[in-house]
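Reader: Could you walk me through this model with me, one topic at a time?

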Amino acid sequence: MTTTDSAPSATGGAEQELQERFDSSIAKDRRIEPRDWMPDGYRKTLVRQIAQHAHSEIIGMQPEGVWITRAPSLRRKAILFAKVQDEAGHGLYLYSAAETLGAERTELTERLITGRQKYSSIFNYPTPTFADVGVIGWFVDGAAICNQVPLCRSSYGPYARAMVRICKEESFHQRQGYELLMTMMRGTEAQREMVQDAVNRWWWPSLMMFGPPDGDSPNSAASMAWKIKRHTNDELRSRFVDMTVPQAERLGVTLPDPELRWNPERGRHDFGTPDWSELQRVIKGDGPCNAERMACRRTAHEDGAWVREAATAHAAKQAARGPRGPHTEEGTAA
Ligand code: FAQ
């Protein structure tokens with residue numbers, strides 16, 4: 001497939017030339033920047049993926065956020081607080097990246113809270129125990145790293161650059177989760193059971209984070225041709241399994257898959273099939289916590305209206321004052 005197959009065909013000499021220049025940049029692994037011409041399909045795919053990614057970071061603050069006040073020590077509270085704050089930051093970089101493509105953040109938020117745009121299925125599962133915080137760090141941030149490190153080489157410059165910092169922070173997040181679980185595994189029998197229970201509940205949903213199997217992934221072909229995605233959903237899922245199995249052994253937990261075993265011929269692990277009907281149900285809004293997550297996001301948006309109004313009024317005031325505002329070189333207050 002060429003990069004033009006799924007893009008609207010360029011008509012006319014000038015547009016044809018632009019299309020050729022775009023194709024050549026993609027072929028040579030050059031970055032596409034906001035000022036560059038790009039096919040409509042490329043722009044739309046990026047806005048869709050980046051917006052869903054940003055929404056996931058923001059909704060993703062909720063499952064762990066509820067543990068900030070209940071974390072068992074000041075140290076754990078401070079760590080969790082910093083992690084959840086990082087997720088907010090990731091959301092903001094990503095909304096900014098989407099804005100470079102002409103998308104309005106207000107419009108994207110509106111689409112999220114009215115259910116017209118998706119966020120990751122993984123954040124629709126509950127976090128009943130503190131071990132869930134550790135397992136989210138280990139599995140969910142681990143899966144995010146597998147999926148997002150290749151996105152640092154994504155063809156769209158602002159997205160790729162945002163991913164560099166995000167991935168560094170996700171690495172910290174993954175390690176804090178693993179360290180938390182290690183500590184619990186060195187604790188009491190009840191704590192070890194709590195970790196195993198959380199592992200049992202999060203394993204399959206974490207595999208589903210990578211998206212549907214390749215045969216049912218309508219967006220992959222175009223995204224790979226455009227080098228937005230560098231690997232297929234199944235390839236990244238498989239890498240995650242290979243990375244996680246030795247970590248589980250070291251931790252002393254069992255991954256809940258009787259089909260999981262090393263395949264020496266393939267040099268990879270074989271593993272069972274996730275329940276794809278569950279993924280579809282959760283994506284369509286029927287997961288254990290979809291309604292709760294959306295209600296919480298809507299309330300936060302409504303409660304934040306006065307902040308947005310105050311910030312807009314402040315910006316208008318500053319603009320009306322012109323460049324010589326209250327903090328001029330002379331230090332005079334207007
Ligand atoms: N959940 O054709 P494909 C994080 C949708 S951030 C919901 O394969 P594509 C950090 C898909 O959008 C986690 N929907 O699609 C954190 C498409 O729908 P559409 C988020 C899903 O785009 C950690 C349809 O199904 N990460 O964890 C899911 O080529 C801890 C068909 O699928 C990203 O967003 C799903 N799991 O591949 C925060 C990474 N899977 O739009 C807090 C960037 C698929 O056609 C705490 N995104 N869908 O209506 C990607 O890499 C890709 O978009 C995929 C999906 C791989 C997610």
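Reader: Which helices each supply at least two residues of the shell around the ligand?

Author: They are α2 (40-59), α4 (74-99), α6 (131-148) and α7 (157-185), where helices are DSSP runs of H or I with at least four residues, numbered from the N terminus. This is a predicted model, in which local features need pLDDT of at least 70 and side-chain atom pairs pLDDT 80 or more, while totals for chains, interfaces and linings use all residues. Residues are numbered from 1 along each chain as its sequence is written, and side-chain values use heavy atoms, with hydrogens and water left out.

Reader: And where does the largest share come from?

Author: From α2, with 6 residues.

Reader: Which residues come nearest to the ligand?

Author: Of the 34 residues around the ligand, those are Q52, K118, S217, K229 and N233, a residue being near if one of its heavy atoms lies within 4 Å.

Reader: Switching topic, why does the span of α13 agree with what it should be?

Author: At 1.5 Å a residue, times one less than the number of residues, the 17 residues of α13 (residues 305-321) should span 24 Å, and the end C-alpha atoms are 25 Å apart, which agrees.

Reader: What comes just after α13?

Author: G322, which takes a positive phi of about 80°.
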